[in-house]
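Okay, thanks for coming, everyone. Let me put the chain up on the screen, and then we'll walk through it together.

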Amino acid sequence: MSVTELKNLDTIVSLAKARSFIYQSSEIYGGLGAVYDYGPLGTELKRNIRDFWWKAMTQYHDNIVGLDASIFMHPKVWEASGHVDGFNDPMIDDKQSNKRYRADMLVEGHIAKLRSKDKADEADELQELLDTAGSRKGLCEDLHELIMDNEIRAPESGAFEWTDVRQFNLMFKTQFGATSSGDDGDAVYLRPETAQGIFVNFKNVMDTARQKVPFGIAQVGKAFRNEVVARQFVFRMREFEQMEMQYFVEPGTDAEEYEKWLNKRLEWHKALGIREHKLRTHPHPEDKLAHYAASAADIEYEYPIGWQEVEGIHNRTDFDLTQHHEYSGKKLEYYDQKKQKRYTPYVIETSIGLDRAVMMVLCDAYREEEVDGDTRTVLKLNPKIAPTKVGIFPLIKKDKLQDLAHKIEHDLREDFNVLYDESGSIGKRYRRQDEAGTPFCITVDFDGVESEGEDTVTIRYRDDMTQDRVPVSRLREAINDKMNSWQPE
């Protein structure tokens, strides 16, 4: 059987809409850039991935608890975290088209073109200048100089008429309260990350949930970034969802805990059903670390758009708690009674984009297979996260078959998300569920209801299309056995 894997992102974008995974937001009005809505199947898939993460982080650990912090926070939170002054991208405008671009990405694109033309030496030289941008005249000035010296043109208009490079803050700003004057003094922000909600609640959780270091706080929630260059489907959006866990540890144990969590998180991606050869870890070199980090690494997946970060693991040291202590005046320390010492904990962060995880799962599961001269499109999702677990089909529209099919539907619905379908040929029904990633399809036929003894049905397995005849009383057991033994191909 000939098998073709995903080659370009457009294929997944098209399937995601056709099978109700993901839609463009406000599509009937022309859409809203880099904002997406999740359809019926997408909602289930996203929830299943979220639950898979939450269970791994909290249920399987007795020292990690949950939090749901609000989206709005006191403005000083973002001053303390550095987001007000430092959460910027260097932007440049094309005067002819009035379109805005990330200056560093323009240079990166030019480097890629040089490499495609076998001009490796020029590309390496320019890459070195890009890597050291900010060390000469300043970041904006250095990037502008690189664009002008290399005559980098606007991607869409082809013009070479650029403004100066300037910093653009990525936070969405709004006013708080009905009596707001509109001045910056009244400004609040939509949170650009969920982590700060954990840090400002560190003491609350420690005191009220009776946690002792080491312990973690996990949170899933929306974050907002006014990305100017937002593209590549749900990989980079302006409204997105994060799954983060901050693990508070004693200074001196942080390096060991960092390595432990990096390995744990990589294993989680494999357990999710992602093929091992599509995953890798990418440590950040020392000269590329964030100012607060002692070490950092990305877990990357090989999307159709190349290797990209899905999750980041960071040793944030004591930066966040120290900053909030300084700005709030409240001590955010831990007293170790056994060791009779007080300290500010270090933090090991695991941060994964839920939307990027959804996109990763869809891309990794996609296959096109030649079957008897026809092409079948199938999503070979881990059954534990598949939106619909079981399709239930009466072979034809006859009362005897429909009655048993509805009974099975009712019995299984308590444990699984099931779909009853009696429309079209059985082959078409199978193909619809293959594209939706449904791992098990149950067909009720006359051989099973008119034979002597207990009623039986056939279970058809999505991945290899084989079938088993199973007594109705053993359906739940058979499904669970296959679900628990599933391995990615």
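So, salt bridges: there are 42 of them here, where a salt bridge is a side-chain nitrogen of Lys or Arg within 4 Å of a carboxyl oxygen of Asp or Glu. Before I pick some out, keep in mind that this is a predicted model, where local features need pLDDT of at least 70, side-chain atom pairs count only at pLDDT 80 or more, and totals for chains, interfaces and linings use all residues. Residues are numbered from 1 along each chain as its sequence is written, and side-chain values use heavy atoms, with hydrogens and water left out.

Take Glu435 and Arg19: they form a salt bridge, with the closest N and O atoms 2.7 Å apart. Glu435 is in helix H14 (residues 426–436) and Arg19 sits in the loop between helix H1 (9–18) and strand S2 (22–24), so this pair ties together parts that are 416 residues apart in sequence. When I say helix or strand, I mean DSSP runs, H or I of at least four residues for helices and E of at least two for strands, numbered from the N terminus.

Next one: Lys278 and Glu302 meet in a salt bridge at 3.8 Å, N to O. Lys278 is in the loop between helix H10 (254–272) and S12, while Glu302 is in strand S13 (residues 295–303), and the two are 24 residues apart. Lys278 is buried, at 14% relative accessible area, whereas Glu302 is partly exposed, at 29%.

Seven strands make an open sheet, ordered S4-S10-S11-S17-S14-S13-S12, with mixed pairing; two strands pair if DSSP finds at least two bridges between them. Strand S4 (64–67) and strand S12 (279–283) are at the edges with a single partner strand each, so one side of each has no neighbour in the sheet. Further in, S11 (residues 239–249) and S17 (residues 346–353) run antiparallel and are joined by eight bridges. In that pairing, Phe248 stands opposite Val347 in S17.

Phe248 turns up again with the rings: ring pairs link Phe199, Phe202, Phe215 and Phe248 into a cluster. Rings of Phe, Tyr and Trp (its six-membered ring) pair if their centres lie within 6.5 Å; planes under 30 degrees apart count as stacked, over 60 as edge-to-face and the rest as tilted. In total there are 15 aromatic pairs.

To zoom out, what does the secondary structure come to? It's 16 helices and 24 strands. The C-alpha trace spans about 85 × 65 × 50 Å along its principal axes, and of the 489 residues in the chain, 49% are buried.

Definitions and conventions
Buried means under 20% relative accessible area, exposed over 50%, partly exposed in between (1.4 Å probe, protein chains only).
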